[in-house]
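Colleague: I would like to learn how to read a model like this one, feature by feature. Could we start with the ligand and go on from there?

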Amino acid sequence: MRRYRLLSPFRSCAWLCRIKDLPFEHVKVEPFMGGTRTKEYKDKFPTGLSPAIDDNGFKLAEGGAIMKYLCVKEGWTDFYPTDLQQQALVDQYLSNHHSTTRKMTMKVFHPMMMSFMGKQEWDADAGAKAKDTSVFIASKFQDVFLKERFIAGGDAPTIADLAAYTEIAQVEQVLGSEYSFEGREDMARLNEWLGEIKGLKAHDDVHRTVSKLGQLFQAKLAGA
Ligand SMILES: N[C@@H](CCC(=O)N[C@@H](CS)C(=O)NCC(=O)O)C(=O)O
C-alpha cells in the first residue's frame, strides 16, 4: 500500500498522476524535519521546497508548475484545458492560490502539526481560531472561485480544483467532523463541489496519510 506524504501541494500532484495512471517513483523527504533544506536536496531543487520532480534529469518544483508540465507533456487536456479562456481561468486560480486558499495550511494545518509534535499547545482558543480561519478562507474561495460548478467553468475538474481541494478538505481530515463545512447553508456550493472532487479516482488512497494523522491528533486531544 502506498503511503503518500502529508503535504497538500504534494497530494495534488500525486493525485493527478494516480487519476491518470502515470507511474512515478515517490522519494520521501520530511520538510518538517528539515529534509528539504539539506545541501543534497537544494543542489537538486534550489527552491528548497517539496513537491519537486526529476523527470529524466529535468528538475522542477512548485505544485502548480509540476501539474501544468505533466498535463502538457502527457496531453491531459481535461485537467489543463487547451481552450484559451478556460486555461487562463486555471492559471488565474493557481496564481491566486498561494495568497488565499493555501493559507489553510499555514493557519490551520501547521498549528495542528506543531501541537501534534508537542511544540505548541492546542487549547480552546486555538480550536476556535482554526474554525474561524477555515470558514473565512473557504467562504472566500467559494465566493470568488465557485461561480460555476468548477473553478475553470466547464463540466469537469481541472488541476485548479485539485490544488484547492487538498487545502480545503484537509480541515475536516485533520481536525474532524466538528470542523466540517457540511450542513452550513451559506456554504452549500462549496459542499457540493467538495463532494464532486472527493468522488475522483484514488481520493482515499492519496488522502490516507493525512486522514490517519487526523485520527491520531483527534485521539490525542480526546485523551488530553
Ligand atoms: N509554493 C509551493 C509551496 C510548497 C511548500 O510550501 N512546501 C513545503 C511543504 S508543504 C516545504 O517544502 N517546506 C519546506 C521548508 O519550508 O523548508 C508549492 O505550491 O509547491
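Colleague: Which residues come nearest to the ligand?

Modeller: This is a predicted model, so read each value as computed from it. There are 13 residues around the ligand, and R37, S50, E62, G63 and R102 come nearest.

Colleague: How many residues of that shell are nonpolar, polar and charged?

Modeller: The shell around the ligand divides into five nonpolar, five polar and three charged residues.

Colleague: Which atom of the ligand is 2.8 Å from a polar backbone atom of S50?

Modeller: In the case of S50, the ligand atom is a nitrogen. G63 also uses its backbone: one of its N or O atoms lies 2.8 Å from an oxygen atom of the ligand. The ligand on its own has 510 Å² of accessible area, and the protein covers 83% of that.

Colleague: What should I look for in the backbone itself?

Modeller: Most residues other than glycine have a negative phi, and most peptide bonds are trans. Look for the exceptions.

Colleague: Where is the peptide bond that is cis?

Modeller: The bond running from S50 to P51 is cis, and its omega is near 10 degrees. P51 sits in the loop between α2 (39–44) and β1 (52–55). S50 has already come up, as one of the residues nearest the ligand.

Colleague: What is the phi of N56, and what is the phi of A202?

Modeller: N56 is not a glycine, yet its phi is positive, at about 50 degrees. N56 belongs to the loop between β1 and β2 (58–61). A202, also a residue other than glycine, has a positive phi near 70 degrees. A202 is in the loop between α8 (188–198) and α9 (203–206).

Colleague: Are N56 and A202 buried or exposed?

Modeller: N56 has a relative accessible area of 77%, so N56 is exposed. A202 has a relative accessible area of 18% and is therefore buried, since the cut-off for buried is under 20%.

Colleague: Next, the aromatic rings. What describes a pair of them?

Modeller: A pair of aromatic rings is described by the distance of the centres and the angle of the planes. This structure holds nine aromatic pairs. One of them joins Y41 and F45, with 5.2 Å from centre to centre and 50 degrees between the planes, which is a tilted arrangement. Y41 and F45 are both buried.

Colleague: What arrangement do Y93 and F145 form?

Modeller: Y93 and F145 are edge-to-face, with 4.8 Å between the centres and 90 degrees between the planes. This pair links distant parts of the chain, with Y93 in helix α4 (residues 84–97) and F145 in helix α6 (residues 124–145), 52 residues apart. Y93 and F145 are buried.

Colleague: Which residues do ring pairs link into a cluster?

Modeller: The cluster is made of W15, Y93, F141, F145, Y165 and W193.

Colleague: Which residue lies over the face of Y179?

Modeller: That is K131, at 5.5 Å from the centre of the Y179 ring.

Definitions and conventions
Residues numbered from 1 in each chain as written. Predicted model: local features only at pLDDT ≥ 70, side-chain atom pairs only at ≥ 80, totals over all residues. Heavy atoms only, no water. Phe/Tyr/Trp six-rings, centres within 6.5 Å; stacked < 30°, edge-to-face > 60°. Buried < 20%, exposed > 50% of the residue type's maximum accessible area, 1.4 Å probe, protein only. Helix = DSSP H or I, 4+ residues; strand = E, 2+ residues; numbered from the N terminus. Lys NZ or Arg CZ within 6 Å of the ring centre and 35° of its normal. Near = heavy atom within 4 Å. Polar contact = N/O pair within 3.5 Å; in protein donor to acceptor, adjacent residues only side chain to side chain. Areas by Shrake-Rupley, 256 points an atom, 1.4 Å probe, with all protein chains shown as cover. Nonpolar A, V, L, I, M, F, W, Y, C, P; charged D, E, K, R; others polar.
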